[in-house]
Every structure is written in C-alpha cells, then in structure tokens.
Amino acid sequence: MAVYTRKGTNPKACPMTYAAPTREQRFVLDVIADLPGLAARPAYANATPDVVDAVLDEAGKLAANVFAPLNRIGDTAHARLADGVVTLPPGFAEAYKLYVEGGWAGLGVPEAHGGQGLPFVVAVAVQEQLTSANMAFALCMMLSQGAIEALAAHASPDLQERYLSKLVTGEWTGTMNLTEPQAGSDVGALKSRAEPVGDGSYRIKGTKIYITWGEHDAADNIVHLVLARLPDAPPGTKGISLFVVPKFLPDGSRNDLKCVGLEHKLGINASPTCTMSFGDHDQCIGWLVGAEGGGMRAMFTMMNNARVQVGLQGVAIAEAATQHALAYARGRVQSAKFGGSREPVRIVEHADVRRTLMTCRALTEASRALVYLNAAAVDRAHAGDAEGAGLADLLTPIAKAWATDIGVEVASLALQVFGGMGYVEETGAAQFLRDARIAPIYEGTNGIQAMDLVGRKLTQDGGAHWREVFAQVRDTVRELEAHPELKTLAPWLDDALAATNTATVWLTGANHPDDIAAGATPYLRMMGLTLGGWLLARQALAAGGHADPAFAAAKVTTARFFAEQLLPQVTALGAGVMRGAALLYAIPEDGLAA
Ligand SMILES: Cc1cc2nc3c(=O)[nH]c(=O)nc-3n(C[C@H](O)[C@H](O)[C@H](O)COP(=O)(O)OP(=O)(O)OC[C@H]3O[C@@H](n4cnc5c(N)ncnc54)[C@H](O)[C@@H]3O)c2cc1C
C-alpha cells in the first residue's frame, strides 16, 4: 500500500481507481429491489441470477478499465466547439464504440424493441458503475436511455422503426430539449415553434439552452427530442408538443440545427452542454411524438426515468468519492492518535476521520437502496402493477433530491479526508465535488422536487402511497423489536417514523400555501433519512443469511450507525417544517443580505 507523507513526494498522490461494488449492488438488488420477484414476472424473465451476475461483472470491468481512466482526461481536456463541431476529449469516441459493441445501450429495453429485456433496476445498477467511473461520459448514456423510453412509449411505429432501433443499439444518441432562456423550472413558458408542413412533418424553430450531449463526434446521428408549440396551441404546459428532430434526416442530409455555444462549467467538463439553434434557415424538420399538446405527458416519461437516474448520479459519486478517500486515509500518515503513543498513525485510525468515512459509507448505502427501490417500483409499474406505480410516483422526487444532496455532501466529506490535498486538483477529490454539484440543479431542481413531493405526491390518491410506505416502515420496526440482536435499532427508527408522520399530517393539513412550500425542503430530507434508515435496517435483518459473515456484520454496523448518528436529525428537521413561513417573509427582501 502506498504511504502518503507530504504533497509532492508521491507522484501518484492518490490513484483514482474505481472498483465496482458488485457484491453490495447484488445484495441490494435482491433484498431491497426484490429482483427474484421481478424476475418471476414474464416481462423480466431474462433476469436470472447468473445473467445479472455476469452483467454486473462485465459492466464493472468496462467502468473500471475504460470509463475511469478517461475521467481526469475529460475534466482537464473538456469538450470543445469549433465551427459548429463539438470534439470530445481524447479517447471518448473510441470508448463509446466499445460501449456500443458490448450491447450495453439496450440492456433495460424490452426485447420487442430490440433490447435485452432486463429490468430497469438492473440497467440502473450498470449505470451506477459507469457514472462512478466517469459521470460526464455516462450522462450521454443516461439521456439516450430516456429518449428510448419516451419513443418506445409514445412514438408511432414508423418513427420507432426509424429512430428507436439505432438508439437501442447505441449507434445513435439521444437528447432532451426543454430549457430555454425564459423557461427553466417553468417549462410551460417555452416559446419554440412547430409549424405543420402538410406532409406529416413539422418545421421547428427556436433556441434551447443547456442541452446535454447536444452535439458531439462519437455517434453517426443525434436524435433530439424537442418540446415546442404549434401555432394555435394554448399557453402553458397544455400547449406543448414533443417532436423528434434528428441531426441527420432520413435521406442523409444535414437537418437545419446546430450547436452555437458550449457552456464553461464548474464540473462534468467532458459533457458538452450546448446551446442549440433550430431552424435558422426555416428548414429544421421534425416529427410529432404522441398527440398534439401531449408533449408534457411524453416528456414526463423521459423525465421520470431521468430523475431516478440523476438520483443515481448522487449515489455513484458518493461511492466513488468514498472509495477514493478511504484509499488515501489508509496510506496518509499524520499525527499521533489522541490519547495514544507519540508515534504518528495513518489518518484512518483517527476517530474523527473514521466518523467521516462511516458517514460517507452509511449515506451512500442508504441512498443506493432508495434509488434501487424506486427503480424497481418503476419496473413494477411497467408490468402493470398499480401499487408499484404509486410507490414510484412518491419516491421519485425523494430519490432525486435526497440522493443528489448526498452526492454533494459525501463528495465534500471525502474531500475533507484529504486535507489540503483535497482542495488542490491533483488528487481528483475536488473533481468529484465539482461534478456532483450539478445533480441537485438539473432535471428539476431539488427545490422543485420538494414542491412536487409536498404539493402533489403527498395528496395523490388521498395520501394512500405515503400511508402504505409508513405502514411498511412500522412493520420493520416490529420485526426489529422481535429480533434478539437488532432490537436496539427499533426505537431510533420508530422515533424517526413518528416525527415524519407528524410532519406529514401537519403539512397535508396546513392551510396557507406558503407554510407548505416553506417546509418542503426540510421535509424531503426527513423523508430521505427515515426511508434510508428503514432500508438499511431491512438490509441488517436480511444480512443474517449472507454467505460472508464479515459482509453481514458490516451491514448491521452500518444500519446501527445510521440509526444512532443520523436518524436523530429527523425529529429536529420536523420542528422546523412545522414552524411554517412566518419568519421567511418577516424581513423585507431588500434586507435579506445584511
Ligand atoms: C450542466 C447542465 C445540463 C443541463 N442539461 C439539460 C438538458 O439536457 N436538457 C434541458 O432541457 N435542460 C438541461 N439543463 C437545464 C436545467 O434542467 C435547468 O437549469 C433547471 O431545470 C433549472 O432551471 P433554471 O436554470 O432556469 O433555474 P430557475 O428555474 O430560474 O430556478 C432558479 C432557482 O429558483 C428556484 N425556483 C424556481 N421556481 C420555483 C418554484 N416554483 N418554487 C420554488 N423554487 C423555485 C429553483 O429551485 C432555483 O433554485 C441543464 C442545466 C445544466 C446547468
């Protein structure tokens, strides 16, 4: 093992290696996502244990050997724009070919559309590995998967024939074009236009900003999904339609669209974030996906997929940053141990560093479990299970926002483990934090997710979904109470559940909209923590049957740490939620900055 004594003494000051946590992922897939239950459904019969094992092993190699070595290169070289052409950092186009050749793009796509018919949650586990290794690169795959899902659900057979098949093989990539300068969180404010040509196609005109992987040189074609308005469309979201707008038209000619700018960003530098101009010469051709005015419905298919996957980015960065920090902490020698001999020790031996690493581990494992549970609920919904659909609806804003907040928090904690070496770029710890920071912003900011949770999801179907989840948490509390070794966990989870229940009842009964909105973000965190503690407790209960006693013991310890050290925050957050908005508007806005 390397010993890190002082900055500069070891040129490999901290190797940025990544090892896919396949054993952990497999356990969560079985115990939390109920993969055996999913595989028992005809739609997911391909997900046999040996197939899933092989998929995770092979994807883990692709992540570690192909994606991870490009992570730093992408961060420093950036995607570049010249004359409308975006060039990816060295090695990216070649790596993309390997991804296509491996058939990875169609993993979670039904066989009827040319995919491998595995559940979404298995594709999510693979995407976690790729994202841990190289988030900026894996974003390309994420957007394409969302485009596949939207076209599979809403496009005509003819459009599917033309565009879906090449997206499923990965030969072409997909994008999602919502945002315009005046239309960010408020998508209904978008102004891009679509005029019927008369032959079934439409002329598209408008400017979209921040379009991820909007232009690049790794694929032969790019399939843009664009939201625009028909001439007589009503204002707001009801007047929005979705169009498929390819970079190259079916006859091979170039469509009238181009990338006119690339953003300079805090992180994910290898991901081209494009300003896209459609129809500069009034010749940009697109085709309607779904019904006229049904754009938001179709786009929501894509966004819900993407929201789970953005939550996953938080998990993935947290995992990679924790692995990286642990490797450093095990080698770096600094200071004698408090109360011990005067001999300096490796920093992993200091209690405070240990606390940091345990916090990273516990938050990462809890958020992984929540995102996988969410993805499995999406699978159940796709298979026609109404309860699964309700659960997916409830969990999506929590998984997106809580897990991405954790990505940032863990990346920051992991950076702290490096001391000064974390703040300088050379170790790569700073890149994790810079990359992670976008995830709470895009795909609906975390503030918007919190509003979705308190404004829509808590009241959906008369509150049936949160009541059902809370009943399941209560069942776990009873199970813990009856367990000889795990009963100490029960009161912590019970208290957190009680506080969350009280805050939920308060929020759903509050009269003033400002009071509900003011509590949204701390309430979402309460939910994340309580559900995270619940899912870790369930893993501790199930770990008894695991073949490796050390793995089982670590699961119990992690659940206890989360319960004893993190769950008590829930009660404190609840107090804030129930204070309403009074103090938020007490100081006039021009006095908010002293
Ligand atoms: C790197 C990057 C990649 C992106 N990729 C894509 C992409 O591929 N496709 C695409 O279409 N877009 C993309 N986006 C756009 C992204 O989704 C938006 O930036 C995001 O939705 C927020 O919109 P905005 O930036 O206009 O912020 P605003 O909507 O102006 O929000 C500013 C602040 O106000 C808050 N706020 C706004 N409305 C409310 C409300 N009703 N209640 C409470 N708070 C509110 C927000 O939470 C936020 O904190 C990307 C952005 C970035 C930076």
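A word on conventions comes first. Residue numbers start from 1 along each chain, following the sequence as written. Because the model is predicted, local features need pLDDT of at least 70 and side-chain atom pairs count only at pLDDT 80 or more, while totals for chains, interfaces and linings use all residues.

The largest nonpolar core takes in 194 residues. Such a core is a set of buried Ala, Val, Leu, Ile, Met, Phe, Trp, Tyr and Cys residues joined through C-beta atoms within 7 Å. A residue is called buried if 20 or more other C-beta atoms lie within 10 Å of its own, exposed if 12 or fewer, and partly exposed in between, with C-beta atoms placed from the backbone. The residues with the most contacts inside this core are Phe243, Leu370, Tyr372, Ala411, Ala414 and Leu493. Helix 9 (residues 295-329) gives the most to the core, with 19 residues. Helices (H or I, at least four residues) and strands (E, at least two) are DSSP runs numbered from the N terminus.

Helix 9 itself is worth a look. Its 35 residues reach 50 Å from the first C-alpha to the last, close to the 51 Å expected at 1.5 Å a residue; the expected span is 1.5 Å times one less than the number of residues. Helix 9 does bend, by about 25° at Thr301, where the bend is the angle between axes fitted to the seven residues ending there and the seven starting there. Since 30 of its 35 residues are buried, helix 9 is largely enclosed by the rest of the structure. As for Ala411, its contacts include Ile317, Ala318 and Ala321, together with Phe432, Leu433 and Ala436, setting aside residues up to four places away in sequence. Contact here means that two C-beta atoms, placed from the backbone, lie within 7 Å.

Now for the ligand. There are 20 residues around the ligand, and Leu178, Gly184, Ser185, Thr212 and Gly447 come nearest; a residue counts as near if its C-beta atom, placed from the backbone, lies within 6 Å. Strand 3 (172-177), strand 5 (201-212) and helix 14 (446-457) each supply at least two residues of this shell. By class, the shell holds nine nonpolar, nine polar and two charged residues. In that scheme Ala, Val, Leu, Ile, Met, Phe, Trp, Tyr, Cys and Pro are nonpolar, Asp, Glu, Lys and Arg are charged, and the others, Gly among them, are polar. Tyr210 is found in strand 5 and counts as buried, with 20 C-beta neighbours inside 10 Å. Tyr210 touches Thr179, Glu263 and Thr273, sequence neighbours up to four places away not being counted. Its C-alpha is separated by 9.3 Å from that of Pro181, 29 residues apart along the chain.

Glu443, in the loop between helix 13 (429-436) and helix 14, has phi near 65°. Asp461, in the loop between helix 14 and helix 15 (464-481), has phi near 50°. Glu443 is buried, with 27 other C-beta atoms within 10 Å, whereas Asp461 counts as partly exposed, with 14 neighbours.

Helix 1 (residues 22-31) has Gln25, Phe27, Val28, Leu29 and Val31 buried. Those residues pack against helix 2 (35-39), helix 3 (49-67), helix 6 (120-133), helix 10 (351-382) and helix 17 (513-543). Phe120 lies in helix 6 and is buried, with 28 C-beta neighbours inside 10 Å. Leaving aside neighbours within four places in sequence, Phe120 is in contact with Gly108, Ala375, Val378 and Asp379. The C-alpha atoms of Phe120 and Tyr372, 252 residues apart along the chain, are separated by 9.4 Å.

Elsewhere, Cys284 sits in the loop between strand 9 (273-278) and strand 10 (285-289) and is buried, with 24 C-beta neighbours inside 10 Å. Among the residues that Cys284 touches are Arg203, Val245, Asp256 and Phe278. Finally, Ala593 lies in the segment after helix 19 (569-577) and counts as exposed, with 5 C-beta neighbours inside 10 Å.
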